[in-house]
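Here are some exercises to work through with the model open in your viewer. Try each task before you read its solution.

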Amino acid sequence: MVNDILNICCVSDVKYIQLLKPFLRSLYASNPDVYTHVTLVNCESKNREISSIHKNIKITNDNIKLSTKRKHLDKHGIPLFDSLYSEKRKSIAGGFDGPRYLLSDTACYCSNIRYRVISDVLSTEANAVVFMDVDAIIRRPLTGLTDNILNNDITIMRETRGFNSGVKYVSDKYAPDDHTDWHCGIIGVKNNPITREIFKVLQVRTEADMYNWDADQEQFNIMYKEYKTKFKLGNITHDYKDEGHKREGYSPDSYIWCGAGEQKYSNQQYVTEQNKWI
């Protein structure tokens with residue numbers, strides 16, 4: 001492998017174009033040499049608009065018949081974010097109108113093809129690959145992230161937690177598998193035989209459960225238990241995946257601000273920063 005320039009891959013449908021454009025503009029403001037592989041789902045009409053942002057953007061169109069009707073609850077049969085056990089957060093005017101209760105087939109599809117788009121980039125000469133959800137705002141050069149990726153096989157944030165509830169029974173009942181939450185919104189991958197095998201396995205298993213919003217995290221946890229002795233796991237630190245709510249707001253020193261969950265539409269600090277790049 002000779003290409004150690006960071007290769008970023010991401011997915012967007014027409015609704016998430018509102019997030020994709022600030023993501024790409026903020027990325028290239030401080031990282032002009034990176035390559036970005038953008039998969040556009042059912043929005044080929046946006047090709048020219050997106051490719052005009054930077055010459056290093058490559059677009060793949062995925063045109064597939066999918067319902068946009070929001071009809072899926074999460075795997076426990078409860079609303080996605082707003083539930084009996086979490087505070088309701090309304091969208092801020094001027095921000096993204098994101099999901100709160102239900103998800104569509106299209107949203108689940110865009111989330112669960114992440115391992116496919118990673119595998120596609122791993123089939124090229126790219127050595128340092130990272131998948132990012134497009135609700136990210138890039139604030140600084142990502143050379144440190146590239147170095148981290150190249151020093152490990154898979155680089156990801158992991159935390160142990162329960163469900164968002166002060167009641168232990170509820171917290172345990174709805175917790176992630178093994179109480180392990182894999183933050184799949186940013187996944188770094190060093191291109192080698194074992195990672196190519198792992199992400200093909202993840203692709204097949206996750207897409208077999210395509211309309212389960214949590215399938216990507218669930219399958220990563222299963223894979224990790226099977227393969228953990230076969231690859232080197234690296235950690236993405238908070239400053240490369242700052243989700244705002246963990247430390248009383250987003251840090252001005254962080255490299256990446258992530259609009260995880262409700263943050264992308266309910267956090268004023270995030271919305272204000274994103275609007276600078278629209």
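A polar contact is a pair of N or O atoms within 3.5 Å; within protein, one must be able to donate a hydrogen and the other to accept it, and residues adjacent in sequence count only if both atoms are side-chain atoms. Keep in mind that this is a predicted model, where local features need pLDDT of at least 70 and side-chain atom pairs pLDDT 80 or more, while totals for chains, interfaces and linings use all residues. Residues are numbered from 1 along each chain as its sequence is written, and side-chain values use heavy atoms, with hydrogens and water left out.

**Exercise 1. Check the span of helix 7 and see what sits at its start.**

Step 1: helices (H or I, at least four residues) and strands (E, at least two) are DSSP runs, numbered from the N terminus. The expected span of a helix is 1.5 Å times one less than its number of residues.

Step 2: helix 7 covers residues 193-207, which is 15 residues, so it should span 21 Å; its end C-alpha atoms are 21 Å apart, in agreement.

Step 3: go to the start of helix 7, where a side-chain oxygen of Asn192 comes to within 3.2 Å of the backbone nitrogen of Ile194.

Step 4: now look for buried residues (under 20% relative accessible area; exposed is over 50%, partly exposed in between, with a 1.4 Å probe and protein chains only). In helix 7 these are Ile194, Thr195, Ile198, Phe199, Val201, Leu202, Gln203 and Thr206.

**Exercise 2. Find the aromatic pairs and describe two of them.**

Step 1: rings of Phe, Tyr and Trp (its six-membered ring) pair if their centres lie within 6.5 Å; planes under 30 degrees apart are stacked, over 60 edge-to-face, and the rest tilted. Searching the whole structure turns up seven pairs.

Step 2: take Tyr115 and Phe199, a tilted pair at 5.9 Å centre to centre with 50° between the planes. Tyr115 belongs to helix 4 and Phe199 to helix 7, so this pair ties together parts 84 residues apart in sequence. Both Tyr115 and Phe199 are buried.

Step 3: next, Tyr240 and Tyr255 have ring centres 4.2 Å apart and planes at 10°, so they're stacked. Tyr240 and Tyr255 are 15 residues apart, each in the loop between strand 10 (233-235) and strand 11 (256-258). Both Tyr240 and Tyr255 are buried too.

Step 4: finish with the cluster that ring pairs make out of Trp182, Phe220, Tyr224 and Phe231.

**Exercise 3. Work out which element gives the most to the lining of the second largest pocket.**

Step 1: on a 1 Å grid over the protein atoms alone, a pocket is an open set of points where a 1.4 Å probe fits, with protein on both sides within 12 Å along at least five of seven lines; lining residues have an atom within 4 Å of a point.

Step 2: list the lining: Cys9, His37, Thr39, Lys58, Thr60, Asp62, Ile113, Arg116, Val117, Asp120, Val121 and Thr124.

Step 3: strand 2 (35-41), strand 3 (57-62) and helix 4 (114-122) each supply at least two of the lining residues, and helix 4 gives the most, with four.

Step 4: zoom in on Thr60 in strand 3. Thr60 is partly exposed, at 40% relative accessible area, and its C-alpha is 4.7 Å from that of Thr39, 21 residues away in sequence.

**Exercise 4. Is helix 3 largely enclosed or open?**

Seven of the eight residues of helix 3 (residues 105-112) are buried, so the rest of the structure largely encloses helix 3. Among them are Asp105, Tyr109 and Asn112.
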